[in-house]
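Please examine the sequence and the three-dimensional structure shown below. The paragraphs that follow lead through the structure step by step.

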Amino acid sequence: MSEPIERGKTMSSFTVTTEQRPDRQLAVTIEVAPEEVQRELRKAANKVASQYRIPGFRKGKAPYHIVVQQFGLANLYGEFVDDLGQKLFSEAIEREGINPYAQSSLEDIKLEPLTYQLLVPLEPEVKLGDYRSLRMAKPAPEVDEAAVDARINQLLDEYASWGPIERPSAYGDMMTIDVRSVIPASAAGEEEIVVLDETDWDVTPDLENPMEPPGFDQELLGLVSGDTKQFVLPWPADSQSIYAGKSANFTITVKQVEAYAKPALDDSFAELVGPDFATLDDLKASIRASLASEQESSAQNKFLTDVLDAIVVMSELNYPPVVVEDQIDGMVQDLDQQLRRYGLDGIDALLQRQGQDDRTVPRRHRRPGQEHCPAQPGALGTDPGRTVDRKRRRAG
């Protein structure tokens, strides 16, 4: 650690000594002149004397030495030491030309003589390596025909639709049918039970999720528009249906059979995609050009990232610890916003459920934060603070 460097400036009310610390931090010592301290002590004594009654004296009339005896010198210091420290620190960094990166921390206060010891984080310092000698090849984009085919298939999926078919019906087809299902009367005098009586009913035979009664989906297979079919199907005895154990007579008439199909891959499909494509070759040429542009942009971004990464590796970045803390704070805030977007109560609620609090977050994330700092030039652009952070005060 270097010896304290006296700046050679004696102010009207205080002197300033600075010392470089590791990791871009500056130790600043402010020693207040005795006459300034006496002025502040007497102002504090007058204030206290005017607020409290001292035996034998009217308010505000007790002499200085009596006030000191009654309230103690340390209490009088307490009346002004914080405000005076803020004022002198602002003057000190301005006169010394110190440019803080963030709020400074108060390390210690001594009363005899009145001295403030502070630690000031300085702007990060970057020493670039020999970037002029850096040579990197920019990759040439290549359009793979498989990527063109994949984009064509995506378009075919987008333009797929239901349409009438002439082949017999199969699982997955959509059928429009009229259906009537009746359970005959089991004895004289009883009425038949109508289970279904639907017109223009849209139904899709499904092998994995069949309808009841069992076998109904299978009976719909192999039919074409205009077909009429009659069949009998029972409900199993253990069925959850109210018709369990009974059989019904079904009559269905097929009005239409449709399948979900992709359009034919031809010039008509190209025209369907857009009016600028007269042929399928025109569409493929446009897709090929679009993919080439995307790959060019991606290659350019990767090239720039690789160059910046190489420069970071050959360079030196010296920054104060508060840069890491700022990075961690940003990461925690981003996580909090993500949790709230998912309808959760935020980071505080998450930490509570895990038996932690927000004080544990910086310690748990310190290494990731340190890894990110050198690669985040945006983190170096925050406005410098010009006040002392009392939260960081470790001695008082």
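Is strand E8 (residues 174-183) largely enclosed by the rest of the structure or largely open? The model considered here is predicted, and in it eight of the 10 residues of E8 are buried, so the strand is largely enclosed by the rest of the structure.

The pairing of E8 may be considered next. Strand E11 (residues 247-261) runs antiparallel to E8, and nine bridges join the two strands. Within this pairing, threonine 176 has glutamine 256 of E11 as its bridge partner. E8 also pairs with strand E9 (residues 193-203), again in the antiparallel sense, over eight bridges. Here isoleucine 177 has tryptophan 201 of E9 as its bridge partner.

Two packed helices are described by the angle between their axes and the distance between the axes. Helix H1 (residues 34-51) packs against helix H2 (residues 64-71) at an angle of about 75 degrees, and their axes are 10 Å apart. Because angles from 65 to 115 degrees count as roughly perpendicular, H1 is roughly perpendicular to H2. On the side of H1, the contact is made by Gln38, Leu41, Arg42, Ala45, Val48 and Ala49, while H2 contributes Tyr64, Val67 and Phe71. Of the residues in this contact, seven are nonpolar, one is polar and one is charged.

In soluble globular proteins, nonpolar side chains tend to be buried together. The largest nonpolar core of this model has 34 residues, and those with the most contacts inside it are Ile30, Val67, Leu76, Leu114 and Tyr116. Among the elements that give two or more residues to this core are H1, H2, strand E3 (25-32) and strand E5 (114-121). Helix H3 gives the largest share, nine residues. Leaving aside neighbours within four places in sequence, tyrosine 116 is in contact with residues including Val28, Ile30, Val81, Leu84, Leu88 and Ile109. A second, separate core has 17 residues, among them Val203, Phe216, Ile252 and Val257.

Isoleucine 347 lies in helix H9 (residues 347-353). Because its relative accessible area is 10%, isoleucine 347 is buried. Apart from residues up to four places away in sequence, isoleucine 347 touches Val332, Leu335, Asp336 and Leu339. From isoleucine 347 to aspartate 336 the separation is 11 residues in sequence and 4.8 Å in space, C-alpha to C-alpha.

Notes:
Residues numbered from 1 in each chain as written. Predicted model: local features only at pLDDT ≥ 70, side-chain atom pairs only at ≥ 80, totals over all residues. Heavy atoms only, no water. Helix = DSSP H or I, 4+ residues; strand = E, 2+ residues; numbered from the N terminus. Buried < 20%, exposed > 50% of the residue type's maximum accessible area, 1.4 Å probe, protein only. Contact = heavy atoms within 4.5 Å. Pairing = 2+ DSSP bridges. Axes fitted to C-alpha atoms, helices over the stretch in contact; angles between N-to-C directions. Parallel < 35°, antiparallel > 145°, perpendicular 65-115°, else oblique. Nonpolar A, V, L, I, M, F, W, Y, C, P; charged D, E, K, R; others polar. Core = buried A, V, L, I, M, F, W, Y, C linked by side-chain atoms within 4.5 Å.
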